[in-house]
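Student: Hello! I am new to this structure and would like to learn how to read it. Could you guide me through a few features?

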2 protein chains.
Amino acid sequence: MNGAESLVGTLASGGVEVCFSNPGTSEMHLVAALDRQTAIRCILGLFEGVVTAAADGYARMAGKPACTLLHLGPGLANGLANLHNAARARVPIVNIVGQHALSHLIHDTPLKSDIEAIARPYSAWLRTSQSSSQLGRDTAEALAATQILPGQISTLIVPADVAWGEGATLATILPAPNVPVPADEKIEQAALMLRSGRRTAILLAGSALHGEGLSAAGRVAAATGAKLLVPYPFARLERGPGVPIVDRVPYVPEQAAAMLREFEQIILVGAEIPMAYFASPNRGAVLTPPECSIIRLTTPSEDAETTLDALVEMVGGSPAISPIEKANRPPAPNGAITLDGLAQAVAATLPENAIVVDESMTAGRGMMAAARASVPHDWLGNTGGSIGIALPLAVGAAVACPDRRVVCLSADGSGMYTLQALWTMAREGLKITIVIFANRLYSVLRWEFSNLGVGAPGKQALDLFEIGRPDLNWVDLGKGMGVPGTRVTSLDEFVAAMRQGLASDGPMLIEAPL
Amino acid sequence: MNGAESLVGTLASGGVEVCFSNPGTSEMHLVAALDRQTAIRCILGLFEGVVTAAADGYARMAGKPACTLLHLGPGLANGLANLHNAARARVPIVNIVGQHALSHLIHDTPLKSDIEAIARPYSAWLRTSQSSSQLGRDTAEALAATQILPGQISTLIVPADVAWGEGATLATILPAPNVPVPADEKIEQAALMLRSGRRTAILLAGSALHGEGLSAAGRVAAATGAKLLVPYPFARLERGPGVPIVDRVPYVPEQAAAMLREFEQIILVGAEIPMAYFASPNRGAVLTPPECSIIRLTTPSEDAETTLDALVEMVGGSPAISPIEKANRPPAPNGAITLDGLAQAVAATLPENAIVVDESMTAGRGMMAAARASVPHDWLGNTGGSIGIALPLAVGAAVACPDRRVVCLSADGSGMYTLQALWTMAREGLKITIVIFANRLYSVLRWEFSNLGVGAPGKQALDLFEIGRPDLNWVDLGKGMGVPGTRVTSLDEFVAAMRQGLASDGPMLIEAPL
C-alpha cells in the first residue's frame, strides 16, 4: 500500500464521503488512490475557491467533514478566502494540499512555495507529512482534529514522494474528542442573571442555532422571557413555523447598537460579543452599551446543548418552547420588481425544508424577515465577510442534502468571485435555484463612500463601484457553464421562474435586475 | 492632507500611472484620494487574481510598476496565486492592501486576518504602515524597493485609520538603487569558457531577453558560437526577423534533458539552472548532464546588459548579431482544425509588434516555434506555473501598450481560473484577441496519470481531468461579460476570426474546439 492509498483509505474508514477537488500534477497518486476508492465521491471545481466553500457548505449541513484536494501553494492560495470564511464558520474540513516530493524541495523550481506559511492562518491543525509509513496516522490525526467542537480546519500537506512511497498502512480512527461543558458555577451565574428580571438577550452560535440546541434555547427563553439573538455573521440558522424566534443583529452598526441598547444583560452561547465589521473615523467597533453585563456561558468548543438543558432545569423551564414563529407565508406578489417584492416572492415560493444560502448583500436586507415564518428551512450566511461564497456554499449544501432544495441568493458583485461554481452545479445536477440580484454595483461601497464626507464620488471612484459598463449578463454566464437561466422583468415573472427552478431536476439561474 | 492622499500623491510623483484594483469598505479613503488624483488611472477587476496578474503584465511591458489596491486579507488571498507568478517573473509591483483601523484590530471581527503572514511569502518588501505622518515615506520606500533589479513586489499594508488620519505629507521619491555588476573575474571566467571551444549555452532571463540586453547576448553568440537558450518559464521574450535566435528549454523533462545534453558548459545570465517542474518516482529534478560546467555570470539583480557588453569586448565580438531569425511567415492554413494548423494560423495572422500572452498549455506546444520568425513581437509566458494568468496578464500588457495588439492564447482549463478578466477587457476597450483552446480537459493531468503505471484512469479520475460534461461555452461566457466572440469549426474560419479580432476596436474571443 502506498501513502496515497493509506490516506484515502483512512479517510474513508473515518466516514469521509466527499472530496471536493482541483488537483494537479503533484497530486496524481492521490487521484489514483481516490479513483479506486468508491466510498469517497470526487467532485471537481474549476477554481479552488469553489472547492473550499463547497467543503464549508457540506460541513454546515452534513455536520461532518468533507476533504479537499488542492494543488500546491497556488491551489491553496486560490482557496484561502473561502477557508477564511470556513474558519469563521467553525466547520470541520480535512484540507489536503499536495506538495513537491521532499527530494524535490531542495531545488527552487517554479511552483515551490512555503505552503505551511500560507496555510497557517487558516488551519487549527497543520502538518506536512514526512513519510509514507506515517501518512495514515497523520490523516487520522487530521481527521480527529476537525472534530474538536464545533469544528476545525485541518490542513494536511502531502509531499508527492510521501504519497507514492510504499510501506504505508491504514490508521486506526481516533475517538472523537471529549466535549467539554462549562463549570456549574458558570451555568448558575447565567441562571441567576436570567431570574434577575433584567432585560436579557441570549446570543447564540453554532449548534445552538438548530435542532436540539435551538430547542433547548427556546425552552430557556420560554421560562425566563429572555430574547434569543444571533450575531450578523452566522453559519446555519433553523427557522420556520414552530421554531423559536431568533432575531439577527443587523449589519449596519447604528441599527445593531439600537437593537442591543434594549438589553441590560447578554449571555453568550458559543457566540462572540457583537462588533461592527469596520471602524470609521467617528465610531468604534463596540455595539453593546457600556453598562451591559456580558457573560460567556459556553465557548464555541463547549457543548451548548447540554449546557442549555442544564440551564432549563435551573430556571425551572418546562418542555414548552416560546415564543415560536407562527406559520405566516405571504402570498405571491406581482407587479414591478422591488426589493420588498423579491423578498416576499422568495418567502412565497420557498419549499418545505429548503436550504437558503444568502449573500444577497444590500439587495437582500429584507430577505430573512420576509421568509422567517414561511416554511421550515435552514438559512446559511457569510461568516467571515469575504464575499464570493454563496454559489459554492450552495454546491456543498446540495451535495450534503440531496433530498432538499437549495435556494442561493447572491448579489451580482459577490457572485462574480466564484462564478465557476455554476459549472459544478450543472455537472452534478444539483437542485439549486440561483437568484442573482443584479444592481450592477458594489452598493455597499458607494454607501460607505457617501459617509466619508468628501462629497459625491467622481469618475474614478464610480469606476471602482459600478460593475456595469458593460452590464454582466448572468443568463449568458450560466448558459456558458451549462446552467439554464432567465432574466425576469416583473415580480410575476420572478415568482413563475422560482417555481420553475424549484421544480427542475438541476440548477436554474434567475437574474433579477434592480 | 490625510494619509491616503499622501500615499496616492507619492505614488503619482514617483511615476505610478495605473492602479489595478478591487477595493472594499476599509479602502474607501484610498479610493477617495485616487478619485481626486488624475495622474493615476484606476482599473477595476471583478476578482483579485485579475488585479495582480494585470499588474504583472503591465510591469513586464511598461518596465515600471503599477500599484494594486486590495481589500484586507481575503482580497490579498484571492490575488496570491498570480502574485506567486509575478514574484517568479521578478516584476515590480506596489501591492497595496487595506487593513482594519489599528484601533479596530484589538477586536476579533469577521474580516480580521494576519495580512503580513499571508503576504510575506510573496513580498520582497513588506510593511504595515503605523501612522499617517509616516505613510508617505513608507510609500516612497515601497516604491524604491520595487526597483531593485530586475523588479520586486512591495506589499504596503494600510490600516484604515492611517489612511484617514490627517497630518500626512508627500514623501520625496528615493533614488533608484544602484545596479550591481558582477566582478571582473566572473566576466573573465565566462570569456575563458566561451573561447575554450567547448559546446556552450548561454541561458538568459530578465532584461537579457529583449531590447539592448538581447542584442548584446546576440553579439556574444555571434563572436563565440554559443547558443542562446531561455528556460521554459520566462517573463518576456522578444522575437521575430532580425532578432537573435533563442531556443526555449522544453517543459517535458525528457525533451529538456535531450536539449541540454548537447552542452558541455552553461553560462547563466539572470537565469536559474533548468529543473523539472516536478519530480516523479523514477526521475529527479536535474536536467543538465552531471559533467556540464555551469557558472552564474549575473544574478537576477545584476545588470545583464552592461555585463554582456563587457563580455562582447572580452571575446572580441563585433557589432554584428547572429544567428538571427530570417523572416519566415507561413501562409494562412485551411481545412480541419489541428494543433499544427492553429499554430500556423497564429503565425500567419500575427500583426507587427504584437504581444503574445501564452498559457495554451498542452494545446500550444507548437505555437512558439511556428511564430518565431513571422513578425517582430514579444512573447509573455507563465513564470510560476500557477495556471490562470493569461487573460489578466493580457489586460495588463494591453494597458501598458495601447498602440500594440495583444493576442492571448489560453487553454480552457487555465482560462476558467480568472475568466473575470474578460469583463475588464470589455470595460476598458482593450485590443486583445483571445483564443481559447477548448480541449475540455486538464490534458496535462491525464498525461501524467498515464505515466503512473496504474493503468487507465477510471470514472473518478476522469471526473477530475475532464472539464466537459457539460462543455463550457466560451462564446456565451464572453458575451456574458461584454466580449463578442465566435466558435470556429475550421482553420479557414479561425484565420478569418483572427483577422476580424485583430482589426476590431476592442476585445474579441475565439473558441477553437479541439
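Tutor: Gladly! Keep in mind that this is a predicted model.

Student: Which residue pairs with A:Tyr251?

Tutor: In general, a pair of aromatic rings is described by the distance of the centres and the angle of the planes. Here A:Tyr251 pairs with A:Tyr277, with 4.9 Å from centre to centre and 65° between the planes, an edge-to-face arrangement. A:Tyr251 sits in the loop between β10 (247-248) and α10 (253-260) of chain A, while A:Tyr277 sits in the loop between β11 (265-269) and β12 (293-298), so the partners are 26 residues apart. A:Tyr277 is buried, at 8% relative accessibility.

Student: How many aromatic pairs are there over all chains?

Tutor: The search of the whole structure gives 13. Another of them joins A:Phe20 and A:Tyr58: the centres are 6.2 Å apart and the planes stand at 70°, so this pair is edge-to-face. A:Phe20 belongs to strand β1 (residues 18-22) and A:Tyr58 to helix α3 (residues 48-62), both of chain A, so the pair ties together parts 38 residues apart in sequence.

Student: Are A:Phe20 and A:Tyr58 buried or exposed?

Tutor: A:Phe20 is buried at 2% relative accessibility, and A:Tyr58 is buried at 4%. There is also an aromatic cluster with members from two chains, formed by A:Phe47, A:Tyr417, B:Phe47 and B:Tyr417.

Student: How many residues of helix α2 of chain A are buried?

Tutor: The general idea first: an α-helix has 3.6 residues a turn, so residues three or four places apart point the same way. In helix α2 (residues 28-35) of chain A, eight of the eight residues are buried. Among them are A:Met28, A:His29 and A:Asp35.

Student: Let's turn to charges. What links A:Arg440 and A:Glu511?

Tutor: Side chains of opposite charge can pair when their charged atoms come close. A:Arg440 and A:Glu511 form a salt bridge, at 3.1 Å from N to O. A:Arg440 is in the loop between β16 (432-438) and α17 (443-450) of chain A, and A:Glu511 is in strand β18 (residues 508-513), 71 residues apart. A:Glu511 is buried, with 0% relative accessibility. Over all chains, the structure holds 54 salt bridges.

Student: How many salt bridges cross the interface of chain A and chain B?

Tutor: Four are found there. A:Lys479 forms a salt bridge with B:Asp476, with the closest N and O atoms 3.8 Å apart. This pair runs from helix α19 (residues 474-480) of chain A to helix α19 (residues 474-480) of chain B. B:Asp476 is buried, at 7% relative accessible area.

Student: What else can I read about the interface?

Tutor: The two chains bury about 8,000 Å² between them, with 64% of it on carbon and sulfur atoms. On the side of chain A, A:Pro110, A:Gln460 and A:Leu464 lose the most area to chain B, together 9% of what that side buries. The contact takes 97 residues from chain A and 97 residues from chain B. There are 48 residue pairs in polar contact between the chains. Helix α4 (residues 72-89) gives the most to chain A's side, with eight residues. By class, that side has 53 nonpolar, 28 polar and 16 charged residues.

Key. Residues are numbered from 1 along each chain as its sequence is written. Chains are lettered from A and ligands numbered from 1 in the order in which they are written. This is a predicted model: local features need pLDDT of at least 70, side-chain atom pairs count only at pLDDT 80 or more; totals for chains, interfaces and linings use all residues. Side-chain values use heavy atoms; hydrogens and water are left out. Contact means heavy atoms within 4.5 Å. Buried area is the accessible area (1.4 Å probe) that two parts lose on being put together, summed over both. A salt bridge is a side-chain nitrogen of Lys or Arg within 4 Å of a carboxyl oxygen of Asp or Glu. A polar contact is a pair of N or O atoms within 3.5 Å; within protein, one must be able to donate a hydrogen and the other to accept it, and residues adjacent in sequence count only if both atoms are side-chain atoms. Helices (H or I, at least four residues) and strands (E, at least two) are DSSP runs, numbered from the N terminus. Ala, Val, Leu, Ile, Met, Phe, Trp, Tyr, Cys and Pro count as nonpolar, Asp, Glu, Lys and Arg as charged, and the others, Gly among them, as polar. Rings of Phe, Tyr and Trp (its six-membered ring) pair if their centres lie within 6.5 Å; planes under 30 degrees apart count as stacked, over 60 as edge-to-face and the rest as tilted. Buried means under 20% relative accessible area, exposed over 50%, partly exposed in between (1.4 Å probe, protein chains only).
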